[in-house]
Amino acid sequence: MLTKKLLAARAGLAALVAAGSLAATLPAAQAEGTVNIYSYRQPFLIQPLLDAFTEKTGIDTEVLFLNKGLEDRIAAEGSNSPADVILTVDIGRLMNAKEKGITQSVEDETVNSEIPSEFRDPEGHWFGVTTRGRVIYASKDRVEQDTITYEELADPKWKGKICMRSGQHNYNIALFASMIAHHGEEKAEEWMKGLKANLARKPNGNDRGQAQAIFAGECDLGIGNTYYVGIMMNNDKEPEQKEWADSLKVLFPNSGDRGTHVNISGMAMAKHAPNREQALELMRFLGSAEAQAIYAETNYEYPVLPGAEVSETVQSFGEIKPDSLPLAEIAKHRKAASEMVDRVGLDDGPAS
């Protein structure tokens with residue numbers, strides 16, 4: 001039998017769908033002792049983790065996947081929401097969830113001991129689960145150097161040689177926010193103008209698209225996340241992506257000084273979680289060495305738990321030295337970074 005809470009949530013959803021704002025469906029049931037997960041991460045990416053969690057604890061899970069509008073969905077459901085845990089990528093989305101008031105603070109000794117302070121909200125509203133580096137894809141054939149800095153991307157020697165996706169994408173906004181955090185807005189804007197001048201084309205595509213452009217000779221450098229390289233290297237369904245990956249090497253910017261900018265996939269407890277204790281068990285599990293190893297192997301990401309095992313594929317990229325600046329500090333500059341992208345006209349390409 002459906003609970004009153006779930007029935008009310010479905011009634012609210014019907015109104016939203018009628019208004020054309022949502023198209024996803026709720027989980028089929030909200031079983032007693034089940035953790036209901038609202039996720040921006042596709043189910044196949046997290047299912048191995050959830051299977052291991054259920055086997056270890058006996059607690060079942062239900063996943064609702066949305067590719068957009070997750071925060072608005074939970075806000076619209078209000079106190080009737082069946083959501084227990086939110087899983088997402090990017091510091092911006094985690095901060096957005098907190099700012100919308102759909103998360104609650106979690107103060108738990110186990111979770112805090114597993115997840116370093118730079119990867120969690122100071123007020124306990126979100127926690128990093130894995131990290132990914134925002135790195136430089138460099139042509140093996142055309143780029144001799146094996147080290148680079150973000151600052152160097154504005155050097156005229158790279159004129160016409162850099163490819164990237166939209167500057168307004170969450171991953172790039174986080175990178176630009178980190179540049180503001182380290183250098184201030186004035187110097188960061190000067191740097192962004194230099195980056196724009198060095199672009200080979202108007203920003204477009206996704207991170208894998210930048211690897212494809214390097215393979216095709218359209219550019220020598222691309223900005224992308226580390227885990228996409230692992231995905232391409234092991235993509236049996238689209239073997240041409242293996243060629244893209246083989247054409248490039250991964251350069252970790254600023255390894256000699258402050259370290260490489262990293263972003264996170266993360267978790268938060270929903271504000272009205274009906275199964276709070278079970279949700280807390282899941283959060284503890286996701287920070288554990290067992291779960292971190294599964295996550296790292298499945299998604300080609302870095303564990304946040306110090307000393308946790310990194311997959312052989314990711315190890316093959318080389319060693320990453322993460323920037324230790326707390327993500328909460330970087331996130332403060334996201335709005336300024338977005339405004340800077342528009343002001344500089346980064347997404348217009350190099351000729352404008």
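Modeller: Before we start on the helix pairs, a crossing is called left-handed if the near helix is turned anticlockwise from the far one by less than a right angle, and right-handed if clockwise. Helices (H or I, at least four residues) and strands (E, at least two) are DSSP runs, numbered from the N terminus. This is a predicted model, in which local features need pLDDT of at least 70 and side-chain atom pairs count only at pLDDT 80 or more, while totals for chains, interfaces and linings use all residues. Residues are numbered from 1 along each chain as its sequence is written, and side-chain values use heavy atoms, with hydrogens and water left out.

Biologist: OK, at what angle do H2 and H12 pack?

Modeller: Helix H2, residues 43–57, packs against helix H12, residues 289–299, at an angle of about 155 degrees, and their axes are 8 Å apart. That makes H2 roughly antiparallel to H12. Axes here are lines fitted to C-alpha atoms, for helices over the stretch in contact, and angles run from 0 to 180 degrees between N-to-C directions. Angles under 35 degrees count as roughly parallel, over 145 as roughly antiparallel, 65 to 115 as roughly perpendicular and the rest as oblique.

Biologist: Is the crossing of H2 and H12 left-handed or right-handed?

Modeller: The crossing of H2 and H12 is right-handed.

Biologist: And which residues in H2 meet H12?

Modeller: On the H2 side they are Leu 45, Ile 46, Pro 48, Leu 49, Ala 52 and Lys 56, and they meet Glu 290, Ala 291, Ile 294, Tyr 295, Thr 298 and Asn 299 of H12, where contact means heavy atoms within 4.5 Å. By class, the residues of this contact between H2 and H12 are 8 nonpolar, 2 polar and 2 charged. In that scheme Ala, Val, Leu, Ile, Met, Phe, Trp, Tyr, Cys and Pro count as nonpolar, Asp, Glu, Lys and Arg as charged, and the others, Gly among them, as polar.

Biologist: Switching topic, what volume has the largest pocket?

Modeller: The volume of the largest pocket is about 880 Å³. On a 1 Å grid over the protein atoms alone, a cavity is a set of points where a 1.4 Å probe fits but cannot get out, whereas a pocket is an open set with protein on both sides within 12 Å along at least five of seven lines, and lining residues have an atom within 4 Å of a point. Grid points are joined across faces, edges and corners, and a volume is the space filled by probe spheres set on the points.

Biologist: How many residues line the largest pocket, and which lie nearest its centre?

Modeller: There are 27 lining residues, and Gln 42, Leu 45, Arg 208, Tyr 228 and Ile 231 lie nearest the centre of the largest pocket. Its lining draws at least two residues from each of H2, helix H6 (170–183), helix H9 (226–233) and H12, with H9 giving the most, 3 residues. By class, that lining has 10 nonpolar, 9 polar and 8 charged residues.

Biologist: What about the second largest pocket, how is its lining divided by class?

Modeller: The lining of the second largest pocket has 13 nonpolar, 4 polar and 2 charged residues, and about 290 Å³ of space lies in that pocket. Of its 19 lining residues, Tyr 302, Pro 303, Val 310, Ile 320 and Pro 322 lie nearest the centre.

Biologist: Last one, which residues line the largest cavity?

Modeller: The largest cavity is lined by Arg 132, Gly 133, Arg 134, Tyr 171, Asn 225, His 261, Val 262 and Asn 263, and its volume is about 30 Å³. Strand S5 (127–139) and strand S9 (262–270) each supply at least two residues of that lining, and S5 gives the most, with 3 residues.
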